[in-house]
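Please keep the sequence and the 3D view at hand while reading.

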Amino acid sequence: MQEPRWFRAVLGVVTALFVAVVLVLPLATVFEQAFRKGVGVYVDALTEPDAVAAIRLTLVTAAIVLPFQLAFGLAASWALTRFRFPGKRLLVSMIDLPFAVSPVIAGLVFVLLFGSRGWFGPWLEQHDIRIVFAMPGIVLATMFVTVPFVARELVPVMQSLGTGEEEAAATLGAKGWTLFWRITLPNIRWALFYGAVLCAARAMGEFGAVSVVSGHIRGETNTIPLHVEILYNDYDFTASFAVASLLTLIGLATMAVKRMMEWGEARYAGRGEPSSEVVR
């Protein structure tokens, strides 16, 4: 049904205003506040020791979490789309659990498990192992909240692809890793890359779960989001927005990479090469 021109115009204006007010204006404000006192102050806010430590910890955490989530996502999606086994639906529900559970609750669970008064706390103290208020706790909390991202990108794609190509290759003698590297991986590469980008972005931007398990120790357990909060609470607004602009840039970079991947996927599909639509 063809809608009246006036209706389309009103709908477009309302949508544009909503996007401008809710998305564009807040993002523009972040950068305006970050550079309000000049580039020199902006650079100083990003290069002072606590900020550098927060950036380093954030990047290291993401670098540790991402390979685990890639491995888990591949294994889980392969199992869910290629095999039948008891508890399959339960596994799907567990993968989606971080979407339903508040990150703060996830952080509290790790405190109850590994804190000084938690289930494993006394044993950990006896062996001088620190989980909570240290980097291992931050990694565990980040790993919890990023579980769904890779698997949820791969499962729909692998379901849509089916097993036809893999079965054909198997009849020709391909087995195990050869099937995976030569058939499966080329067909899911864009979904895998996109899931990895989303996972890394969420790992670097996570606040709730990390805030609970970190202890907010300056220069040691503060990630970028936690450092932003501390600066803001100290009324150092310019430095707070300067560091926050890094997270904004990460989000914008994620969008740019997503668009590049979609362009590359369409380009390869146009050449007749194996491709799969990333179902979101």
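## Salt bridges

The structure holds five salt bridges, a salt bridge being a side-chain nitrogen of Lys or Arg within 4 Å of a carboxyl oxygen of Asp or Glu. This is a predicted model, in which local features need pLDDT of at least 70 and side-chain atom pairs count only at pLDDT 80 or more, while totals for chains, interfaces and linings use all residues. Residues are numbered from 1 along each chain as its sequence is written, and side-chain values use heavy atoms, with hydrogens and water left out.

## A network around R218

D50, R218 and D234 are joined in a network of salt bridges. In one of its pairs, D50 and R218, the closest N and O atoms are 3.7 Å apart. D50 lies in helix α3 (residues 49–82) and R218 in the loop between α11 (208–214) and α12 (224–233), so this pair ties together parts that are 168 residues apart in sequence; helices here are DSSP runs of H or I with at least four residues, numbered from the N terminus.

R218 also meets D234 in a salt bridge, at 2.3 Å from N to O. D234 is found in the loop between α12 and α13, 16 residues from R218.

## A bridge between two helices

D96 and R152 form a salt bridge as well, with 2.8 Å from N to O. Because D96 belongs to helix α4 (residues 88–100) and R152 to helix α8 (residues 147–161), the pair ties together parts that are 56 residues apart in sequence.
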